[in-house]
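Here's a quick briefing to read alongside the model. Have the viewer open and click through as you go.

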Amino acid sequence: SILVYAFGPLSLEFSYWLPALLFVTLIFILNAKPLIERMTVGLDSYEIETFGKMILLSAVILPLLPNREIVPYIPLSPFKIWLAVVVISTISYGGYIAQKYIFPDKGYFVTGIIGGTYSSTATTVVLARKGGREGKNPIVEAAMIAATSMMYIRLIVVAAVFNMDVAYSLAIPFILLAAGSFAVSALLMAGERKEGKKSDFVDDNPLEFGTAFLFAILFVAMMVLTRYVTQEYGGAGLQILSFVVGFTDIDPFVPSLLTGKYMVSHAEIVSSVMIAARSNNLLKAIYAVWFGKFADTYRAASVIALLGVVTIVWAVKL
């Protein structure tokens, strides 16, 4: 209403294009009121707060941090440490938003693909539980395999952000492994003619401040541990560490490996990333049969475990 009363003064003080533009803008906004209302009702206010946190992490905290090394045992500046947090959080947050708002009702398979962009392990657990409740369902098994496929793509993206040379070395094996597992998923999907059901996939938002700070702590801890292991035991120790870390969470480990300055070769770093992915696949295979039922999820578990075996065989050849 105030803007309408401003048309007279605007017409006297400015060219006619300005009040005309204001008029057109008001018409568009008024016509969009039903859509805006539906979006407002459907949007969780908590998500708006979370988006604000994303801006705070990336556009406020990151530029304020010093870009120089300040701790002798940590070969990275606070800026680069927090940059790793921002990169991983952005990838995770993007996958979360896509799964929750863009593809909320597209079935289990899309849940596997989108969920795999930010946590293939959590996605495998949720889908295995779903399969255990519903009985044998090829779509659920295909979704679990697709989540692991997306893990390979995700690792290539993370490597490209922090170390392009490692990304180039990982690209061929990881793309081939992802393509092969997607092909198996497609075969399972082709043998099932049922429509995809709503996934009901609910996971905690990965952009909580607690999660971000925990990642930063784990990132630094992994960097210190990796530096100690490489100094004391060399490349062989790093590979053993990679295998062990793969049974936990590889997200803090991989960026710390890619950004740190260690006395190991390029091939040993690439091999270590692949070994961590391999043992993480074994963990997911165990989860698939543990949280589901062996008779219902053994095919997905077998494929995921096979991907792990192929990954480590490839890593050993490097």
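Let's start with a helix pair: E47, T50, F51, M54, L57, S58, I61 and L62 of α5 meet F79, W82, L83, V86, T90, Y93, Y96, I97, K100 and Y101 of α6. Keep in mind that this is a predicted model. The chain carries 14 helices and zero strands, and 47% of its 318 residues are buried.

**Helix pair α5 and α6**

- Helix α5 covers residues 45-64 and helix α6 covers residues 78-102; their axes sit 10 Å apart, and the packing angle is about 155°.
- Since angles over 145 degrees count as roughly antiparallel, α5 is roughly antiparallel to α6.
- As for handedness, α5 and α6 cross in a left-handed way.

**Helix pair α7 and α9**

- Helix α7 (residues 107-115) packs against α9 at an angle of about 15°, and the two axes are 7 Å apart.
- With the cut-off for roughly parallel set at under 35 degrees, α7 comes out roughly parallel to α9.
- On the α7 side the contact uses Y108, F109, G112 and I113, while α9 brings in I139, V140, A142, A143, A146, A147 and M150.
- This crossing of α7 and α9 is right-handed.

**Overall layout**

- Reading from the N terminus, the element order is simply α-α-α-α-α-α-α-α-α-α-α-α-α-α.
- The C-alpha trace spans about 80 × 60 × 30 Å along its principal axes.
- If you take contacts between residues at least 6 apart in sequence, 76% of them join residues at least 24 apart.

**The nonpolar core**

- The largest nonpolar core holds 75 residues, and M144, L170, F174, F219, F253 and L258 have the most contacts inside it.
- Which helix gives the most to this core? That's α9 (residues 138-162), with 14 residues.
- As general background, nonpolar side chains in soluble globular proteins tend to be buried together.
- Pick F219 from that group and, setting aside residues up to four places away in sequence, you'll find it touching L76, I81, A84, P252, P255, S256 and T259.

**Helix α12 and S256**

- Helix α12 is largely enclosed by the rest of the structure, because ten of its ten residues are buried.
- Those buried residues are I250, D251, P252, F253, V254, P255, S256, L257, L258 and T259.
- S256 is part of this helix, which runs over residues 250-259.
- Is S256 buried or exposed? Its relative accessibility is 0%, so S256 counts as buried.
- A polar atom in the S256 side chain lies 3.3 Å from the backbone oxygen of P252.
- Not counting residues up to four places away in sequence, S256 touches F219, M222, M223, T226 and Y262.

**S242 in α11**

- S242 belongs to helix α11, residues 209-245.
- S242 also counts as buried, because its relative accessibility is 0%.
- Beyond residues up to four places away in sequence, S242 touches F253, S272, I275, A276 and S279.
- S242 and R278 are 36 residues apart along the chain, and their C-alpha atoms are separated by 9.4 Å.

**S181 in α10**

- S181 sits in helix α10, which takes in residues 164-190.
- At 1% relative accessibility, S181 falls under the 20% cut-off, so S181 counts as buried.
- What does the S181 side chain make a polar contact with? Its partner is the side chain of S149, at 2.3 Å.
- Leaving aside neighbours within four places in sequence, the contacts of S181 are I145, S149 and L307.

**I153 in α9**

- I153 is a residue of helix α9.
- Its relative accessible area is 31%, so I153 counts as partly exposed.

Definitions and conventions
Residues numbered from 1 in each chain as written. Predicted model: local features only at pLDDT ≥ 70, side-chain atom pairs only at ≥ 80, totals over all residues. Heavy atoms only, no water. Helix = DSSP H or I, 4+ residues; strand = E, 2+ residues; numbered from the N terminus. Buried < 20%, exposed > 50% of the residue type's maximum accessible area, 1.4 Å probe, protein only. Polar contact = N/O pair within 3.5 Å; in protein donor to acceptor, adjacent residues only side chain to side chain. Contact = heavy atoms within 4.5 Å. Core = buried A, V, L, I, M, F, W, Y, C linked by side-chain atoms within 4.5 Å. Axes fitted to C-alpha atoms, helices over the stretch in contact; angles between N-to-C directions. Parallel < 35°, antiparallel > 145°, perpendicular 65-115°, else oblique. Left-handed = near helix turned anticlockwise from the far one by under 90°.
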